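These are my notes from going through the side chains of one model.

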Amino acid sequence: MTTPGTSEHATTDRLSDRAHETVDQAARGAAKAEERIRREAGSAQDKVKETAAKAKEHSDEALQSVSGFVRENPLLSLGLAFAAGTLLSALRRRS
C-alpha cells in the first residue's frame, strides 16, 4: 500500500536523478570543450612563436645585408640617406 507522500517522494527522486544525470552530461561536455580549446590555443601559441622566430631571422638577415652594403659603399650610403631624408622632409611639409 502506498501513501500519498510515498508517490510524491518517488517522483522527486526520479526528477532528482534525471537532473543529476543532465548535470553530469553537461560537465563531461564542458570538460571536452575545455580540453579542445586549450589544445587549439597551445597550437596557436606555437605558431605565433614560430612566426616570431622567422621574422627575427629575416630582420637579422636584412640588418646584416644593409650593414655590409654600408661598409662596402660608405659614400653612396651617405648620399642615399641624405636623399631619403630630403624626400621624407618634403613629403611631410606637404601634409
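Is Ser 77 buried or exposed? I first noted that the model is a predicted one. I then looked up the area: Ser 77 has a relative accessible area of 12%, and because the cut-off for buried is under 20%, Ser 77 counts as buried.

I placed Ser 77 next. Ser 77 belongs to helix α2, which covers residues 74-94. I then asked which residues Ser 77 touches once its neighbours within four places in sequence are left aside. The contacts found are Phe 69 and Val 70.

Which element gives the most to the patch? I found that α1 does, with 3 residues.

I checked one member of the patch by itself. Leu 80 sits in helix α2. Its relative accessible area is 47%, so Leu 80 is partly exposed. Patch members need over 30% relative accessible area, so Leu 80 clears that cut-off.

I moved on to charges. Side chains of opposite charge can pair when their charged atoms come close. How many salt bridges does the rule give? The count is 5.

Entry on Glu 34 and Arg 38. Their side chains form a salt bridge, with N to O at 2.9 Å. Both residues are in helix α1, 4 residues apart, or about one turn of the helix. I looked up the accessibility of each partner. Glu 34 is partly exposed at 41% relative accessible area, while Arg 38 is exposed at 59%.

Entry on Glu 35 and Arg 39. This salt bridge has an N to O distance of 3.5 Å. Glu 35 and Arg 39 are also 4 residues apart in helix α1, about one turn of the helix. Arg 39 has a relative accessible area of 51%. The cut-off for exposed is over 50%, so Arg 39 is exposed.

Entry on Glu 50 and Lys 54. The closest N and O atoms of this salt bridge are 3.5 Å apart. Why are the two residues about one helical turn apart? They are 4 residues apart in helix α1, and therefore about one helical turn separates them. Lys 54 is partly exposed, with 46% relative accessible area. For Glu 50 I found 46% as well, and Glu 50 is partly exposed.

Which residues form a negative surface patch? I found Asp 13, Asp 17, Glu 21 and Asp 24.

I took Asp 17 as the residue to check. Asp 17 lies in helix α1, residues 4-72. With 45% relative accessibility, Asp 17 counts as partly exposed.

Notes:
Residues numbered from 1 in each chain as written. Predicted model: local features only at pLDDT ≥ 70, side-chain atom pairs only at ≥ 80, totals over all residues. Heavy atoms only, no water. Patch = residues over 30% accessible without salt bridge, like charges linked within 9 Å, V, L, I, M, F, W, Y side chains within 5 Å. Areas by Shrake-Rupley, 256 points an atom, 1.4 Å probe, with all protein chains shown as cover. Salt bridge = Lys/Arg side-chain N within 4 Å of Asp/Glu carboxyl O. Lys, Arg positive; Asp, Glu negative; His and termini not counted. Charge placed at Lys NZ, Arg CZ, Asp CG, Glu CD. Buried < 20%, exposed > 50% of the residue type's maximum accessible area, 1.4 Å probe, protein only. Contact = heavy atoms within 4.5 Å.
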